[in-house]
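Here are my notes on the model you sent over. Have it open while you read, and go through the points in order.

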Amino acid sequence: MRMPLLALSGALTLVVALSSAFMWIDVAVAKAATLHVSPSGSDAGRCAASAPCRTFQRAYRAASPGDVVRVAGGSYGSEVIPALGRSGRKIVFRPRRGAAVRLAGLAVRADDVVVRGMGVADWLSVDSKSAADPVERVTLLNMHTSKHWINNA
(Lines give C-alpha, C1' and ligand atoms only; values in the text may rest on other atoms or scores of the structure.)
Protein backbone atom coordinates (compact mmCIF):
# COMPACT_ATOMS: atom_id res chain seq x y z
CA MET A 1 0.00 0.00 0.00
CA ARG A 2 1.38 3.33 -1.02
CA MET A 3 0.67 6.46 0.99
CA PRO A 4 -0.01 9.65 -0.99
CA LEU A 5 2.83 12.16 -0.73
CA LEU A 6 0.52 14.85 0.69
CA ALA A 7 -0.63 12.57 3.55
CA LEU A 8 2.96 11.57 4.28
CA SER A 9 3.99 15.23 4.34
CA GLY A 10 1.19 16.06 6.82
CA ALA A 11 2.14 13.15 9.09
CA LEU A 12 5.81 14.18 8.97
CA THR A 13 4.87 17.76 9.86
CA LEU A 14 2.86 16.51 12.85
CA VAL A 15 5.77 14.35 14.05
CA VAL A 16 8.21 17.27 13.73
CA ALA A 17 5.80 19.60 15.54
CA LEU A 18 5.28 17.13 18.39
CA SER A 19 9.01 16.44 18.65
CA SER A 20 9.69 20.18 18.84
CA ALA A 21 7.04 20.61 21.54
CA PHE A 22 8.50 17.80 23.66
CA MET A 23 12.03 19.20 23.28
CA TRP A 24 10.74 22.61 24.46
CA ILE A 25 9.09 20.97 27.48
CA ASP A 26 12.33 19.12 28.32
CA VAL A 27 14.30 22.38 28.15
CA ALA A 28 11.74 24.14 30.39
CA VAL A 29 11.86 21.34 32.94
CA ALA A 30 15.66 21.26 32.84
CA LYS A 31 15.78 24.95 33.81
CA ALA A 32 13.86 24.37 37.07
CA ALA A 33 16.05 24.72 40.13
CA THR A 34 15.86 23.15 43.57
CA LEU A 35 16.23 25.49 46.52
CA HIS A 36 16.65 24.44 50.16
CA VAL A 37 15.26 25.65 53.49
CA SER A 38 16.41 24.48 56.92
CA PRO A 39 15.66 25.52 60.51
CA SER A 40 19.43 25.94 60.92
CA GLY A 41 19.84 27.85 57.63
CA SER A 42 20.52 31.53 57.09
CA ASP A 43 18.58 33.99 54.98
CA ALA A 44 21.97 35.33 53.90
CA GLY A 45 22.53 31.93 52.24
CA ARG A 46 22.03 31.08 48.58
CA CYS A 47 19.21 28.62 49.35
CA ALA A 48 21.50 25.85 48.06
CA ALA A 49 21.87 22.42 49.66
CA SER A 50 25.21 23.55 51.13
CA ALA A 51 23.86 26.97 52.24
CA PRO A 52 20.10 26.67 52.87
CA CYS A 53 17.76 29.58 53.57
CA ARG A 54 16.12 29.91 56.96
CA THR A 55 12.63 31.07 55.86
CA PHE A 56 10.04 30.27 53.22
CA GLN A 57 9.88 33.99 52.39
CA ARG A 58 13.58 34.11 51.48
CA ALA A 59 13.34 30.90 49.43
CA TYR A 60 10.27 32.19 47.57
CA ARG A 61 12.02 35.47 46.78
CA ALA A 62 15.02 33.51 45.41
CA ALA A 63 12.87 31.05 43.43
CA SER A 64 11.68 31.31 39.85
CA PRO A 65 8.45 29.87 38.44
CA GLY A 66 8.79 26.09 38.16
CA ASP A 67 11.35 25.75 40.96
CA VAL A 68 11.04 23.33 43.88
CA VAL A 69 11.82 24.34 47.46
CA ARG A 70 12.91 21.35 49.57
CA VAL A 71 12.21 21.90 53.25
CA ALA A 72 14.44 20.12 55.79
CA GLY A 73 12.76 18.41 58.70
CA GLY A 74 12.30 20.27 61.96
CA SER A 75 10.26 23.01 63.59
CA TYR A 76 9.84 26.45 62.05
CA GLY A 77 8.15 29.61 63.30
CA SER A 78 5.31 31.22 61.39
CA GLU A 79 6.19 31.32 57.71
CA VAL A 80 5.03 33.60 54.89
CA ILE A 81 4.99 33.05 51.14
CA PRO A 82 4.67 36.69 49.99
CA ALA A 83 2.81 38.11 47.01
CA LEU A 84 5.38 39.24 44.47
CA GLY A 85 3.16 39.52 41.39
CA ARG A 86 4.51 36.36 39.76
CA SER A 87 2.49 34.01 37.60
CA GLY A 88 3.21 30.99 35.48
CA ARG A 89 4.55 27.62 36.51
CA LYS A 90 4.01 26.86 40.17
CA ILE A 91 6.69 27.04 42.83
CA VAL A 92 6.46 23.91 44.97
CA PHE A 93 7.32 23.74 48.69
CA ARG A 94 7.70 20.21 50.01
CA PRO A 95 9.63 18.33 52.68
CA ARG A 96 12.85 16.57 51.86
CA ARG A 97 12.31 12.87 51.46
CA GLY A 98 11.45 11.34 54.84
CA ALA A 99 11.48 14.71 56.65
CA ALA A 100 8.78 15.78 59.12
CA VAL A 101 8.17 19.53 58.86
CA ARG A 102 6.23 21.42 61.54
CA LEU A 103 5.33 25.09 61.12
CA ALA A 104 3.91 27.35 63.84
CA GLY A 105 1.76 29.04 61.15
CA LEU A 106 1.69 29.56 57.40
CA ALA A 107 0.42 32.55 55.40
CA VAL A 108 0.22 32.07 51.63
CA ARG A 109 -0.15 35.41 49.84
CA ALA A 110 1.29 34.40 46.43
CA ASP A 111 -0.29 33.00 43.27
CA ASP A 112 0.84 29.76 41.63
CA VAL A 113 2.15 27.98 44.73
CA VAL A 114 1.95 24.35 45.88
CA VAL A 115 2.59 23.46 49.54
CA ARG A 116 2.53 19.79 50.45
CA GLY A 117 3.14 17.39 53.28
CA MET A 118 3.62 19.66 56.30
CA GLY A 119 2.05 20.08 59.70
CA VAL A 120 0.93 23.50 60.91
CA ALA A 121 0.58 23.82 64.70
CA ASP A 122 -1.76 26.79 64.78
CA TRP A 123 -3.14 28.40 61.60
CA LEU A 124 -2.89 28.20 57.83
CA SER A 125 -4.06 31.26 55.89
CA VAL A 126 -4.52 31.82 52.15
CA ASP A 127 -5.40 35.50 51.84
CA SER A 128 -4.21 38.35 49.64
CA LYS A 129 -5.61 40.99 52.01
CA SER A 130 -7.22 42.59 48.92
CA ALA A 131 -10.46 41.58 47.19
CA ALA A 132 -9.20 43.47 44.12
CA ASP A 133 -6.21 41.10 43.80
CA PRO A 134 -7.21 37.63 45.01
CA VAL A 135 -4.76 34.78 45.55
CA GLU A 136 -5.05 32.36 42.62
CA ARG A 137 -3.97 28.80 41.80
CA VAL A 138 -2.76 27.77 45.27
CA THR A 139 -2.68 24.03 45.96
CA LEU A 140 -2.41 22.59 49.47
CA LEU A 141 -1.77 18.84 49.57
CA ASN A 142 -1.56 16.61 52.63
CA MET A 143 -1.42 19.55 55.01
CA HIS A 144 -2.36 19.12 58.68
CA THR A 145 -3.63 22.11 60.66
CA SER A 146 -6.10 22.86 63.42
CA LYS A 147 -7.27 26.16 61.88
CA HIS A 148 -7.37 27.39 58.33
CA TRP A 149 -8.52 30.58 56.71
CA ILE A 150 -9.17 31.19 53.02
CA ASN A 151 -10.17 34.71 52.01
CA ASN A 152 -9.80 36.72 48.78
CA ALA A 153 -8.79 33.56 46.99
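1. Let's begin with His36, which touches Cys47, Ala48, Ala49, Pro52, Cys53 and Arg70, leaving out residues up to four places away in sequence; contact here means heavy atoms within 4.5 Å. You'll find His36 in strand E1, residues 34–37. With a relative accessible area of 16%, His36 is buried. The cut-offs are under 20% relative accessible area for buried, over 50% for exposed and partly exposed in between, with a 1.4 Å probe and protein chains only. Helices (H or I, at least four residues) and strands (E, at least two) are DSSP runs, numbered from the N terminus.

2. A word on the ground rules. This is a predicted model, so to speak of local features we need pLDDT of at least 70, and side-chain atom pairs count only at pLDDT 80 or more, while totals for chains, interfaces and linings use all residues. Residues are numbered from 1 along each chain as its sequence is written, and side-chain values use heavy atoms, with hydrogens and water left out.

3. Now the sheet that E1 belongs to. Five strands make an open sheet with parallel pairing, in the order E1-E2-E4-E6-E8. E1 and strand E8 (138–141) sit at the edges with a single partner strand each, so one side of each has no neighbour in the sheet. On average, neighbouring strands of this sheet are turned by 15° against each other, direction ignored; the axes are lines fitted to C-alpha atoms (for helices over the stretch in contact), and angles run from 0 to 180 degrees between N-to-C directions. In general, strands of a sheet pair through backbone hydrogen bonds, either parallel or antiparallel.

4. How are the strands joined? Two strands pair if DSSP finds at least two bridges between them. E1 and strand E2 (residues 68–71) run parallel and are joined by four bridges, with Val69 in E2 as the bridge partner of Leu35. Four bridges also link E2 to E4, again parallel, and there Val69 stands opposite Phe93. From E4 to strand E6 (residues 113–116) there are three bridges, also parallel, and Phe93 stands opposite Val115 in E6.

5. Is E4 mostly covered or open? Strand E4 (residues 91–95) is mostly covered, with four of its five residues buried.

6. Have a look at Ala59 too, in helix H2 (residues 56–62). Ala59 counts as buried because its relative accessibility is 0%. Setting aside neighbours within four places in sequence, Ala59 is in contact with Leu35, Val37, Cys47, Cys53, Val69 and Phe93. Leu35 is 24 residues away from Ala59 in sequence, yet the C-alpha to C-alpha distance is 6.8 Å.

7. Thr139 counts as partly exposed, at 24% relative accessibility. Thr139 touches Lys90, Val113, Val114 and Val115, not counting residues up to four places away in sequence. Asp112 and Thr139 are 27 residues apart in sequence and 8.0 Å apart in space, C-alpha to C-alpha.

8. Last, the cavity lining: Tyr60, Pro65, Arg86, Ser87, Gly88, Arg89, Ile91, Asp111 and Asp112 line the largest cavity. On a 1 Å grid over the protein atoms alone, a cavity is a set of points where a 1.4 Å probe fits but cannot get out, and lining residues have an atom within 4 Å of a point.

Methods: 1 Å grid on protein atoms, 1.4 Å probe; cavity = no way out; pocket = protein on both sides within 12 Å on 5 of 7 lines; lining within 4 Å.
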